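Consider how a ligand is held in this model, and then how two chains meet. The ligand site comes before the interface.

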Amino acid sequence: MSDSRTEHLPASPMIHGRLVRLAHWVNALAFLVLLLSGWKIYNASPVFAFRLPGELTLGGWLGGALLWHFAAMWLLALNGLLYLGYGFLSGHFRRKLWPVSPAAVWADIRAALSGRLAHDDLSVYNAAQRAAYIALILGIALLALSGLAIWKPVQLAPLVELFGGFDTARIVHFVAMALTLVVVAVHVLMVALVPRTLLTMLIGRLPATRSPQ
Amino acid sequence: MIKLKMGERFAALRNREIASLERRLFLRQGLSMGALSLLAGCNVTDEAGVENALRKISSWNDTVQAKLFAPKRLAQEYPASAIVRPFPFNAFYDEDGIPAVSAADFSLELAGLIRERKPWRLADLYALPQVTQTTRHICVEGWSAVGQWSGTPLRHFLERVGADTSARYVGFKCADDYYTSIDMATALHPQTLMAFRQDGDILPAPNGFPLKIRVPTKLGFKNPKHVRAIFVTNEYPGGYWEDQGYNWFAGL
Ligand code: HEM
């Protein structure tokens with residue numbers, strides 16, 4: 001398909017590189033699988049006095065859920081390491097997630113609550129976004145570390161020690177899941193409020209607009 | 001929500017997600033199928049295919065765990081005050097299904113790559129040198145309990161009967177028709193015991209009388225109770241739960 005007009009269109013700037021987009025969606029998929037299979041595993045022997053809704057879980061039975069969980073953990077870990085490596089080495093984190101000052105985050109949260117949070121320039125994350133993304137990265141790191149501790153409590157005994165024992169490591173893993181999920185929920189809500197951002201995370205940039213000649 | 005089986009349920013979830021993404025995107029601009037199939041990943045609608053792929057990853061996890069396993073690293077020992085009493089009962093049946101094993105009639109069968117395969121009477125087993133450990137039993141379900149077991153290191157017994165310790169697997173068959181198997185490295189680990197006693201007493205029936213293999217470096221379902229036969233082999237023996245999908249190595 002050739003359209004001569006496209007040649008005259010100014011290319012809209014790239015907002016999210018290919019690697020960040022790919023890593024983001026692989027991560028979202030791995031996170032979903034780990035979340036839903038994790039709920040089934042939790043239900044086999046709940047640490048707290050409640051069970052999670054069984055219809056929402058993945059795997060059918062404990063053995064199936066464990067298969068999903070221990071498969072998706074590799075996807076999450078390898079993809080996460082790739083993303084972290086890229087983020088630190090390429091300057092992506094320094095450019096997009098830094099600096100983030102508590103005062104700016106607070107101001108943004110207040111603005112968001114009164115419906116006035118601006119995200120006009122899609123190439124720059126506002127302070128609330130930066131805080132949320134850093135929280136998500138740290139949340140997943142905590143999930144991975146506490147997960148490793150309860151997966152290999154003998155081989156990785158010092159890690160278990162760090163979490164204050166096997167049973168507390170289990171609780172840390174669960175609480176980290178719950179907190180991360182809250183941030184994910186807010187994150188997805190914000191995306192729903194500014195749907196243009198979803199487009200940029202999928203195709204990298206906003207569709208080209210025809211400028212008047 | 002109607003009950004869907006594994007695979008189907010996931011596919012349904014994902015299809016819904018993709019469908020809504022698709023809808024939103026097509027409203028604004030065409031989207032290439034390439035990007036969509038990237039999101040969809042491999043074909044998850046085929047249940048047997050998914051199950052197959054997951055099991056392949058699980059056996060790769062076996063390989064990784066065997067590499068992570070340090071033959072000399074010991075599971076943590078606990079003070080007697082940490083022991084959980086009564087020790088939880090757990091099996092693939094209820095308490096009324098606990099097998100009644102007769103001490104007088106019991107004999108431990110040996111098979112496979114073992115030189116001296118004569119069966120062992122209970123009295124002869126009890127006469128073997130014994131050690132005591134207080135370690136944490138961790139169940140695949142997530143709960144755990146510290147218990148104390150006494151018995152003979154399996155390594156000592158395997159060497160005594162002339163087992164081929166260069167073989168890959170040690171398998172166990174139980175009086176309740178349970179069966180499981182472990183890798184040789186774990187069988188030779190200093191804390192892997194043929195436990196005859198728990199908490200100072202002869203192993204109670206719910207906890208595996210007369211013989212339980214205590215493996216503190218593996219999940220609870222790799223600690224068979226009421227063991228009546230031990231065999232050494234190079235052919236993958238599987239296990240009761242493992243054959244249904246639990247990870248085989250199940251190392252801690
Ligand atoms: C279906 C669920 C999700 C949707 C629709 C979604 C959507 C988005 C979008 C549109 C952006 C770009 C925001 C912008 O340009 O202003 C973004 C960025 C981000 N999202 Fe998500 N997301 C989802 C799930 C997740 C999950 C589960 C996590 C992590 C647990 C996550 C972590 C992040 C991070 C860290 C960034 C910043 C990426 C970077 O620039 O390096 N997202 N997401």
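From which domains of chain A does the shell around the ligand draw at least three residues each? The shell draws at least three residues from each of domain 1 (16-98) and domain 2 (102-113 + 123-196) of chain A, with domain bounds that come from an automatic or database domain assignment.

This is a predicted model, in which local features need pLDDT of at least 70, side-chain atom pairs count only at pLDDT 80 or more, and totals for chains, interfaces and linings use all residues; side-chain values use heavy atoms, with hydrogens and water left out. Residues are numbered from 1 along each chain as its sequence is written, while chains are lettered from A and ligands numbered from 1 in the order in which they are written.

There are 23 residues around the ligand, and His24(A), Tyr83(A), His119(A), Tyr125(A) and His187(A) come nearest. A residue is taken as near a molecule if one of its heavy atoms lies within 4 Å of it. For Tyr83(A), an N or O atom of the side chain is 2.4 Å from a ligand oxygen; for His119(A), the corresponding distance is 2.6 Å. In Gln129(A), a polar side-chain atom lies 2.7 Å from an oxygen atom of the ligand. The elements of chain A that give two or more residues to this shell are α1 (18-44), α5 (127-151), α7 (166-193) and α8 (196-203). The largest share, six residues, comes from α1(A). Helices here are DSSP runs (H or I, at least four residues), numbered from the N terminus. By class, the shell has 14 nonpolar, nine polar and no charged residues; Tyr counts as nonpolar, and Gly is among the polar residues.

The interface between the chains takes 40 residues from chain A and 46 residues from chain B, where contact means heavy atoms within 4.5 Å. About 3700 Å² is buried between chain A and chain B, and carbon and sulfur atoms give 71% of that area. Buried area is the accessible area (1.4 Å probe) that two parts lose on being put together, summed over both.

The two chains share one salt bridge, which joins the side chains of Arg136(B) and Asp167(A) at 3.6 Å, N to O. A salt bridge requires a side-chain nitrogen of Lys or Arg within 4 Å of a carboxyl oxygen of Asp or Glu. On the side of chain A that touches chain B, the elements giving two or more residues are α1, α2 (62-89), α7 and α8. Of these, α2(A) gives the most, with ten residues. That side of chain A divides into 28 nonpolar, eight polar and four charged residues.

Definitions and conventions. A polar contact is a pair of N or O atoms within 3.5 Å; within protein, one must be able to donate a hydrogen and the other to accept it, and residues adjacent in sequence count only if both atoms are side-chain atoms.
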